[in-house]
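Here are my notes for a colleague who is reading a structure of this kind for the first time. Please keep the sequence and the 3D view open while going through the points.

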Amino acid sequence: MSNGRGRLSSIDLMPAECDGIIQWAAAELARREQTQTEIYREFVTRCEQLMAEYRGELEFDIPSFSSFNRYSMRQARLTRRLDQTRAIVASLADKFDPADSDNMTIMAGETIKALVFTMLGEADEDSIDPKSVMQLSAAFRQAVQAQSISSDRRRKAEADFKAQVEEAVTTVARTRGLTEDTVEAIKSQILGVG
């Protein structure tokens, strides 16, 4: 019976002691300052040095170049997706006033929901496990909740603003002796209501 994860790569099968080397390789691949071959060469050297440090107590198979290449391609896709998401969020953020947090919350929520749908759409059956589905659904639920809270806060802020305007206009009307029609006309102009 399959657990939904699919087959682990040779990099996934490396011992926990190799995590620092794997993270280094991922960072170097993302920086794009060296070729993949140069990074792989250093990767192998670091793996060999790690095994030498343990003097035979830690033995593992160093992934082949083709395995490292597949890992590199996955990292490149992930990096490209993250860069695209950042670019989208940055371009949308430029269109909003930073003080307008409700619109930013709505935009962030829509971005998260779109990312969840994209990830689910691009995943094949074997690559997504129940834990990932749970995490994606939690992210989706939190985005929807944030949008709801933002909408509620906006409605409350609008109601508070309307009450303050009405109070201010009524106070001014009393001191200036304005007619009820004039007061209603002023409120209509400020609040955009008739």
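Is the crossing of α1 and α2 left-handed or right-handed? The points below begin with that pair of helices, and they concern a predicted model.

1. The handedness of the helix pair. The crossing of α1 and α2 is right-handed. The contact draws on Ile21, Ile22, Trp24, Ala25, Glu28 and Leu29 from α1, and on Gln36, Ile39, Glu42, Phe43, Arg46, Cys47 and Leu50 from α2. Sorted by class, this contact of α1 with α2 holds nine nonpolar, one polar and three charged residues.

2. The geometry of the helix pair. Two packed helices are described by the angle between their axes and by the distance between those axes. Here helix α1, residues 19–31, and helix α2, residues 36–53, pack at an angle of about 165°, and their axes are 10 Å apart. Because an angle over 145 degrees counts as roughly antiparallel, α1 is described as roughly antiparallel to α2.

3. The chain as a whole. The chain has six helices and zero strands, and reading along the sequence gives the pattern α-α-α-α-α-α. Of its 194 residues, 25% count as buried. Among contacts between residues at least 6 apart in sequence, 61% join residues that are at least 24 apart.

4. In soluble globular proteins, nonpolar side chains tend to be buried together. The largest nonpolar core in this model has 20 residues, of which Met14, Ile22, Phe43, Phe60 and Phe68 touch the most other members. For a closer look at one member, Phe60 touches Met14, Pro15, Cys18, Cys47, Leu50 and Met51, when residues up to four places away in sequence are not counted.

5. Most residues other than glycine have a negative phi.

6. A buried proline in a loop. Pro63 is placed in the loop between α2 and α3, yet Pro63 is buried, with a relative accessible area of 2%. Leaving aside neighbours within four places in sequence, Pro63 is in contact with Ser10, Ile11, Met14, Tyr40 and Phe43. Pro63 and Met14 are 49 residues apart in sequence, while their C-alpha atoms are 8.5 Å apart in space.

7. Ser67 has its place in helix α3, and its relative accessibility of 5% is under the 20% limit, so Ser67 counts as buried.

Key
Residues numbered from 1 in each chain as written. Predicted model: local features only at pLDDT ≥ 70, side-chain atom pairs only at ≥ 80, totals over all residues. Heavy atoms only, no water. Axes fitted to C-alpha atoms, helices over the stretch in contact; angles between N-to-C directions. Helix = DSSP H or I, 4+ residues; strand = E, 2+ residues; numbered from the N terminus. Parallel < 35°, antiparallel > 145°, perpendicular 65-115°, else oblique. Left-handed = near helix turned anticlockwise from the far one by under 90°. Contact = heavy atoms within 4.5 Å. Nonpolar A, V, L, I, M, F, W, Y, C, P; charged D, E, K, R; others polar. Core = buried A, V, L, I, M, F, W, Y, C linked by side-chain atoms within 4.5 Å. Buried < 20%, exposed > 50% of the residue type's maximum accessible area, 1.4 Å probe, protein only.
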